[in-house]
Amino acid sequence: MPDWDLLLTDARIATMRADLPDYGIISESAAIAINDGRIEWLGEQSQLPAHTAIEQRSMNGRWLTPALIDCHTHLIFGGDRAAEFEQRLKGASYEEIALSGGGIVSTVSATRAATAEELFAAALPRVQALAREGVATVEIKSGYGLDLETEVRMLEVARRLQDATPVDVRTTLLAAHTVPPEFKDDADAYIDLVCDEILPLVAKRGLADAVDAFCETIGFSAAQVERVFAKATQLGLAVKLHADQLSDSGGAELAARFNALSADHLEYTSSAGVDAMAASSSVAVLLPGAFLTLSETQAPPIEALRSKKVPIAVATDCNPGSSPICSLRIAMMLASRIFKLTPEECLAGTTREAARALGLLHDRGTLEVGKRADIAMWDLSHPRELAYWLGTPQLADLLTSGQTTRP
Ligand code: DI6
Ligand code: FE
């Protein structure tokens with residue numbers, strides 16, 4: 001007879017399993033048993049085996065889905081870029097602002113000037129805001145330090161956020177975000193620093209779960225990114241890429257060539273890029289918040305990604321420049337309105353496919369026996385409403401590793 005820590009009964013369950021149709025709904029009267037933070041049994045309530053449970057809770061018909069996952073954020077930063085936002089509304093472009101010394105580099109100055117304590121205090125409410133909407137896993141990138149000391153500080157702050165919140169934080173080194181001012185005329189020398197000093201130290205100290213880069217005219221060339229990816233691979237770190245956001249730089253192809261976890265943005269990805277992704281296992285991460293904020297008009301090649309069966313994730317890209325959005329529900333809503341993803345694709349994109357984009361699908365992202373009991377409980381009449389409503393608090397509870405967080 002199994003012994004369980006927690007048994008949830010009278011639930012409606014959208015497992016989001018890829019091998020089941022229609023949100024992976026298994027039953028409208030289901031139960032989930034949790035032990036040691038993992039799902040140990042799940043199915044029709046009528047099939048429940050004989051058991052003992054320390055705690056049993058009726059869900060009264062509530063919908064349960066996998067907890068949400070925000071797989072692409074830059075939510076640790078100093079300052080803000082609201083003045084630049086005003087400039088853009090008066091006609092300046094993101095690239096013009098970047099080329100005139102603003103943009104990412106201005107956040108770099110503010111981040112370098114901030115203490116770890118200040119960065120932590122500014123980032124904590126952002127993580128808490130995501131959790132209040134059902135997010136149990138968040139990826140956080142560095143990339144506003146662009147020197148050894150500040151990149152390390154950002155990653156240490158990310159690790160502290162993990163300890164201070166119920167949210168599981170995955171960290172990504174994005175030292176190759178843009179060329180820092182002191183290397184303005186010698187980007188290759190900066191890439192030397194990234195490969196010879198920053199990457200080895202970050203790997204040695206276990207501060208990053210993956211390595212990202214910005215392949216773009218205002219970022220780094222494909223050849224420079226290749227050097228970073230080769231070093232990361234040599235150090236045993238997974239890679240991912242900001243690809244084809246502002247122009248077709250062959251980013252999707254480059255990501256696919258390195259079997260990147262994901263290629264993100266993809267507005268300007270060509271059909272050859274989509275083909276390369278389809279032949280690899282890289283996830284396409286769509287970031288509609290950046291699309292909206294930059295008044296972009298070219299959407300990513302959604303139909304091609306879909307028809308070639310490239311997995312599609314959706315994330316906030318939370319950052320002060322191109323996506324000052326700290327709500328995964330808003331990202332889901334925008335993905336449906338702007339990119340025409342179906343509500344089911346939006347939910348899969350922030351659960352199963354987001355887990356895949358972090359290399360964590362074996363562990364979370366769907367409700368299945370053996371996976372972490374990261375479970376969002378919703379007051380909804382159907383999970384399609386998650387991409388439909390905006391501003392209505394529908395999260396009743398969030399379990400992370402089987403523990404109530406009551407965000
Ligand atoms: N693309 C983005 O959308 C963010 N980084 C990147 O490479 C924007 C970062 C910023 O503008 O601060
Ligand atoms: Fe980004």
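Colleague: Are D374 and R372 buried or exposed?

Modeller: Both are buried, a word that means under 20% relative accessible area, while exposed means over 50% and partly exposed lies in between (1.4 Å probe, protein chains only). This is a predicted model, in which local features need pLDDT of at least 70, side-chain atom pairs count only at pLDDT 80 or more, and totals for chains, interfaces and linings use all residues. Residues are numbered from 1 along each chain as its sequence is written, chains are lettered from A and ligands numbered from 1 in the order in which they are written, and side-chain values use heavy atoms, leaving out hydrogens and water.

Colleague: What makes the meeting of D374 and R372 a salt bridge?

Modeller: The term asks for a side-chain nitrogen of Lys or Arg within 4 Å of a carboxyl oxygen of Asp or Glu. Here the N to O distance is 2.9 Å, so the pair qualifies. Elsewhere, salt bridges with shared partners join R38, R159, D168, R170, D209, D363 and R364 into one network.

Colleague: And why is E182 called partly exposed?

Modeller: Its relative accessible area is 47%, so E182 is partly exposed. Its salt bridge partner is R112, at 2.9 Å from N to O. That pair links distant parts of the chain, 70 residues apart, with R112 in helix α3 and E182 in the loop between β8 and α6.

Colleague: How do you know how far apart R88 and E84 are in helix turns?

Modeller: They sit four residues apart in helix α1 (residues 82–89), which means about one helical turn. An α-helix has 3.6 residues a turn, so residues three or four places apart point the same way. The side chains of R88 and E84 meet in a salt bridge at 4.0 Å, N to O. R88 is buried at 13%, and E84 is buried at 6%.

Colleague: Where does α4 have a kink?

Modeller: At A123, shortly before the proline P125, and of about 25°. The bend is the angle between axes fitted to the seven residues ending at a residue and the seven starting there.

Methods. Helices (H or I, at least four residues) and strands (E, at least two) are DSSP runs, numbered from the N terminus.
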